[in-house]
Amino acid sequence: MPFPFSKPHVLVASKLVEAPDLITSKDLKPSSNARDEEFMELALEQARVAASRGEVPVGAVLVREEHVLAVGHNNREERQNPTAHAEISVIEQGASQLGTWRLSETILYVTLEPCLMCVGAIIQARIPRLVFGAMDPKGGACGSMFQVHEEPRLNHQVTVLSGVLEEACGAILQSFFQELRLQESTLAQ
């Protein structure tokens with residue numbers, strides 16, 4: 001039997017009534033503001049520094065009360081350290097600056113969706129808000145592959161805003177890897 005109504009209906013107090021327009025998850029997603037974009041621009045500057053050093057161009061900025069506490073970028077190749085991600089760098093700097101591992105009054109800005117390791121560090125540091133630019137479909141742990149930041153069994157969850165300056169954040173990564181593939185194909189010849 002076909003549905004007899006043109007719009008969705010819901011049951012309210014045992015009476016069928018027309019449902020209001022549906023709210024999608026996009027409507028519930030927090031939006032960025034000008035300050036988010038300013039801090040993401042600083043993270044992009046750090047990503048450019050990383051690229052200029054042959055590192056995967058990911059930059060991060062840790063902010064407390066509208067003031068920059070720490071800036072950093074990926075540094076794995078230079079340090080030959082698999083944990084030398086931009087997020088880890090700024091978390092370590094921020095904890096040192098504040099003299100505490102609890103970064104509960106900070107916001108972390110990063111150009112690429114954090115991986116499992118970095119989200120674990122964000123949760124452990126009690127960072128309440130994360131803002132990132134580009135999604136990472138191959139390793140992202142805040143929406144792409146996993147949603148660790150909102151795992152209810154953990155003692156801390158993180159509010160996440162994604163897609164801030166997404167195009168610019170994605171473009172620097174895309175350009176870096178295109179150049180890398182070009183260099184590798186030139187060397188192979």
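In which sense do S3 and strand S4 (residues 67–73) pair, and over how many bridges? S3 and S4 pair in the antiparallel sense over 6 bridges. Helices (H or I, at least four residues) and strands (E, at least two) are DSSP runs, numbered from the N terminus, and two strands pair if DSSP finds at least two bridges between them.

The model is predicted: local features need pLDDT of at least 70, side-chain atom pairs count only at pLDDT 80 or more, and totals for chains, interfaces and linings use all residues. Residues are numbered from 1 along each chain as its sequence is written, and side-chain values use heavy atoms, with hydrogens and water left out.

Of the 6 residues of S3, 5 are buried (under 20% relative accessible area; exposed is over 50% and partly exposed lies in between, with a 1.4 Å probe and protein chains only). S3 is therefore largely enclosed by the rest of the structure.

These strands belong to an open sheet of 5 strands in the order S4-S3-S5-S6-S7, with mixed pairing. S4 and strand S7 (159–162) are the edge strands, each pairing on one side only. Neighbouring strands of this sheet are turned by 15° against each other on average, direction ignored. Axes are lines fitted to C-alpha atoms, for helices over the stretch in contact, and angles run from 0 to 180 degrees between N-to-C directions. S6 and S7 pair in the parallel sense over 4 bridges, and phenylalanine 132 has serine 162 in S7 as its bridge partner. Helix H6 (residues 166–188) lies across S5 and S6 and runs at about 60° to S6. Contact means heavy atoms within 4.5 Å.

The charged side chains come next. Side chains of opposite charge can pair when their charged atoms come close. The structure holds 5 salt bridges, a salt bridge being a side-chain nitrogen of Lys or Arg within 4 Å of a carboxyl oxygen of Asp or Glu.

One of them joins glutamate 105 and arginine 64, whose closest N and O atoms are 3.2 Å apart. Glutamate 105 lies in the loop between helix H4 (86–98) and strand S5 (106–112), and arginine 64 in strand S3 (residues 59–64), so the pair ties together parts that are 41 residues apart in sequence. Arginine 64 is partly exposed, at 29% relative accessible area.

Another salt bridge joins aspartate 36 and arginine 129 (2.9 Å, N to O). This pair links distant parts of the chain, 93 residues apart: aspartate 36 is in helix H2 and arginine 129 in strand S6 (residues 129–134). Aspartate 36 counts as buried, with 1% relative accessibility.

Glutamate 38 and arginine 35 also meet in a salt bridge (2.5 Å, N to O). Because they are 3 residues apart in helix H2 (residues 34–52), about one helical turn separates them. Both are partly exposed: glutamate 38 at 41% relative accessibility, arginine 35 with a relative accessible area of 30%.
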